[in-house]
Amino acid sequence: MKSKIWLSSPHMGGNELKYIHEAFDSNWVAPLGPNVNGFEADLESFLADGVQVAALSAGTAALHLGLVNLGVEAGDEVICQTMTFSASANPIAYLGAKPVFVDSEADTWNMCPKALEDAIKSRAMATGKKPKAIIPVHLYGMPAKMDEIMAVARKYEVPVLEDAAEGLGSTYKGRQCGTIGHMAALSFNGNKIITTSGGGALVCQTKEQKDHVVFLSTQARDTAAHYQHSHIGYNYRMSNIVAGIGRGQMEVLKDRIAARRSNNAFYQELFKDIEGVTVFTEPSEDFFSNHWLSCITIDEAVCGKNREQLRLALLEDNIETRPLWKPMHMQPVFQDAPYYGTNVAEKLFDRGLCLPSGSNLTDEDRARIAKAVRAFFK
Ligand SMILES: *Cc1c(COP(=O)(O)O)cnc(C)c1O
């Protein structure tokens, strides 16, 4: 059996263990300490001047606390991009709020600003109140059309929580994804562009917001020697061990972005002569994707093959690929949620496949992938 080529696997830089050893040597084996502070500072200086980052246990936790911070409560509606991973939408349900799903547009595969406006207007008519928040996603690293989305959000005065779990290091018109909305969630899960094994962060705009997020994430203890609580708290803070991995990973983030982008260039070259296959890439120079995952769409009417056949053919060769995210409005668990759009996401799901995209993909891996792909389309 040939060795497995993964879709996206962890890729350590080398200094992660140094930071973990420091944590052990100083006995900061806790959900606070120098690595947590250092990792937050690294993220802040990477993202933008003045942003405030709270390191948390997961991207999902960051989305949850982001919604809490934006005042989402039981019975509220929250708009979410339908084409995404379920973790974008689940925190809406944790709060007893209701997701409203919005379609993607064809250029970026992300939230369609027109469908967004349509959804806000229709929900206001249907329920008598506006949605409480908007969650656009930077899918596979591709920045969403944030100017248009923010313009709609401002018009109707609804705050935006960016799901930048897949978009660390991507930029839109020169601005880092995760710094454009009112708040943003990052993820450092094992398959993301950098990983802490598991972890996330909430990007805030002010120190007060960050302090409140940290307070909520550490069980919401009031300032008193006895344990006193006037808020519902959460146990969502990042551990100082995990943050040590994050500090090591931040040293190599730029290399990881370059490597993922070079994978995308490799796939563009590989598929350029295969009719009916389109490699997903930036629509214009306004967009800079970290290309967390490289994806293609396959038009069966043109090439006579579909994404499922390609997936299985590559699996035969022990090469892992994955269909695009199944849209949330098509998921059994969200079948009752309202949906606005023109089925762009459904078509993408039907035709799209994510290809091996790790920053640790070797030349031999690429050669194996190229051979298997060419054999399949021959
Ligand atoms: C990974 C991911 C999340 C969740 O992050 P975790 O750190 O795994 O909790 C949320 N949204 C999207 C789009 C993701 O890809």
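Let's start at His 291, which counts as buried because its relative accessibility is 3%, under the 20% cut-off. Keep in mind as you look around that this is a predicted model. His 291 sits in the loop that runs between strand E11 (287–288) and strand E12 (294–298). Its side chain has two polar partners to look at. One is the side chain of Asn 264, in a polar contact of 3.3 Å with His 291; another is the side chain of Glu 282, where the polar contact with His 291 is 3.4 Å. If you set aside residues up to four places away in sequence, the residues touching His 291 are Tyr 140, Arg 260, Arg 261, Asn 264, Phe 280, Thr 281 and Glu 282.

Now step back to the whole chain. The domain assignment divides the protein into domain 1 (16–252) and domain 2 (254–377). Taken over C-alpha atoms, the centres of domain 1 and domain 2 are 25 Å apart.

How do the two domains meet? On one side, 44 residues of domain 1 make contact with 39 residues of domain 2. Between domain 1 and domain 2, about 3700 Å² of area is buried, and carbon and sulfur atoms give 67% of it. For the polar part of the picture, the rule finds 24 residue pairs in polar contact across the interface of domain 1 and domain 2, with both residues at pLDDT 80 or more. Salt bridges between domain 1 and domain 2, by contrast, number 0.

To trace the domain 1 side that touches domain 2, follow the elements that give two or more residues to it: strand E3 (98–102), helix H5 (113–127) and strand E6 (171–172). H5 provides the largest share of that side, with 5 residues. Sorted by class, the side of domain 1 that touches domain 2 holds 22 nonpolar, 13 polar and 9 charged residues.

Our last stop is Arg 237, in the loop between helix H7 (207–217) and helix H8 (240–250). Is this arginine buried or exposed? Arg 237 counts as buried because its relative accessibility is 12%. The side chain of Arg 237 reaches the backbone oxygen of Ala 55 at 2.9 Å. Leaving out residues up to four places away in sequence, Arg 237 touches a set of residues including Pro 31, Val 36, Glu 40, Ala 54, Leu 56, Ser 57, Val 214 and Thr 218.

Key: Residues are numbered from 1 along each chain as its sequence is written. This is a predicted model: local features need pLDDT of at least 70, side-chain atom pairs count only at pLDDT 80 or more; totals for chains, interfaces and linings use all residues. Side-chain values use heavy atoms; hydrogens and water are left out. Domain bounds come from an automatic or database domain assignment. Contact means heavy atoms within 4.5 Å. Buried area is the accessible area (1.4 Å probe) that two parts lose on being put together, summed over both. A salt bridge is a side-chain nitrogen of Lys or Arg within 4 Å of a carboxyl oxygen of Asp or Glu. A polar contact is a pair of N or O atoms within 3.5 Å; within protein, one must be able to donate a hydrogen and the other to accept it, and residues adjacent in sequence count only if both atoms are side-chain atoms. Helices (H or I, at least four residues) and strands (E, at least two) are DSSP runs, numbered from the N terminus. Ala, Val, Leu, Ile, Met, Phe, Trp, Tyr, Cys and Pro count as nonpolar, Asp, Glu, Lys and Arg as charged, and the others, Gly among them, as polar. Buried means under 20% relative accessible area, exposed over 50%, partly exposed in between (1.4 Å probe, protein chains only).
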